[in-house]
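Q: I'd like to learn how to read salt bridges and pockets in a model like this one. Can we go through them together?

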Amino acid sequence: LYGKPVLLSTGQTVIANDAYIRESILDPTAQIVNGYPAIMPTFTGQVTEEQILQLTAYVRSLGSKERNTGTP
């Protein structure tokens with residue numbers, strides 16, 4: 001997912017970067033991915049800033065593994 005284009009339900013396309021992941025954690029209804037229902041709860045007030053950074057780094061690392069293995 002990280003670094004790739006994401007088609008939103010509005011028809012707009014955004015890149016899944018740090019800002020997108022952060023917003024998706026804190027305000028998951030801000031940018032709904034096309035074809036998916038808006039069911040993810042907000043994690044505002046439930047995770048610390050450090051945890052947000054760790055989650056973002058984890059998602060970013062998954063993209064690195066895909067690039068390293070050649071998996072789409």
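Predicted model: local features only at pLDDT ≥ 70, side-chain atom pairs only at ≥ 80, totals over all residues.

Q: How many salt bridges does a search of the whole structure find?
A: The search turns up 2 salt bridges.

Q: Which residue does Asp18 pair with in a salt bridge?
A: To call one, look for a side-chain nitrogen of Lys or Arg within 4 Å of a carboxyl oxygen of Asp or Glu. Here Asp18 pairs with Arg60, with the closest N and O atoms 3.0 Å apart. The two sit 42 residues apart, Asp18 in helix H1 (residues 18–26) and Arg60 in helix H2 (residues 49–69).

Q: Is Arg60 buried, partly exposed or exposed?
A: Arg60 has a relative accessible area of 30%, so it's partly exposed. Asp18, at 32%, is partly exposed too.

Q: What about Arg22 and Glu49?
A: Their side chains meet in a salt bridge, 2.9 Å from N to O. Arg22 is in helix H1 and Glu49 in helix H2, so this pair ties together parts 27 residues apart in sequence. Arg22 is partly exposed at 31%, and Glu49 is partly exposed at 41%.

Q: Now pockets: how much space lies in the largest pocket?
A: The general idea is to roll a probe the size of a water molecule over the atoms, which shows where empty space is left. In this model, the largest pocket holds about 500 Å³. Of its 23 lining residues, the closest to the centre are Tyr20, Ser24, Pro28, Val33 and Met40.

Q: Which element gives the most to that lining?
A: That's H1, with 5 residues. By type, the lining of the largest pocket divides into 18 nonpolar, 3 polar and 2 charged residues.

Definitions and conventions
Residues numbered from 1 in each chain as written. Heavy atoms only, no water. Helix = DSSP H or I, 4+ residues; strand = E, 2+ residues; numbered from the N terminus. Buried < 20%, exposed > 50% of the residue type's maximum accessible area, 1.4 Å probe, protein only. 1 Å grid on protein atoms, 1.4 Å probe; cavity = no way out; pocket = protein on both sides within 12 Å on 5 of 7 lines; lining within 4 Å. Points joined across faces, edges and corners; volume = space filled by probe spheres on them. Nonpolar A, V, L, I, M, F, W, Y, C, P; charged D, E, K, R; others polar.
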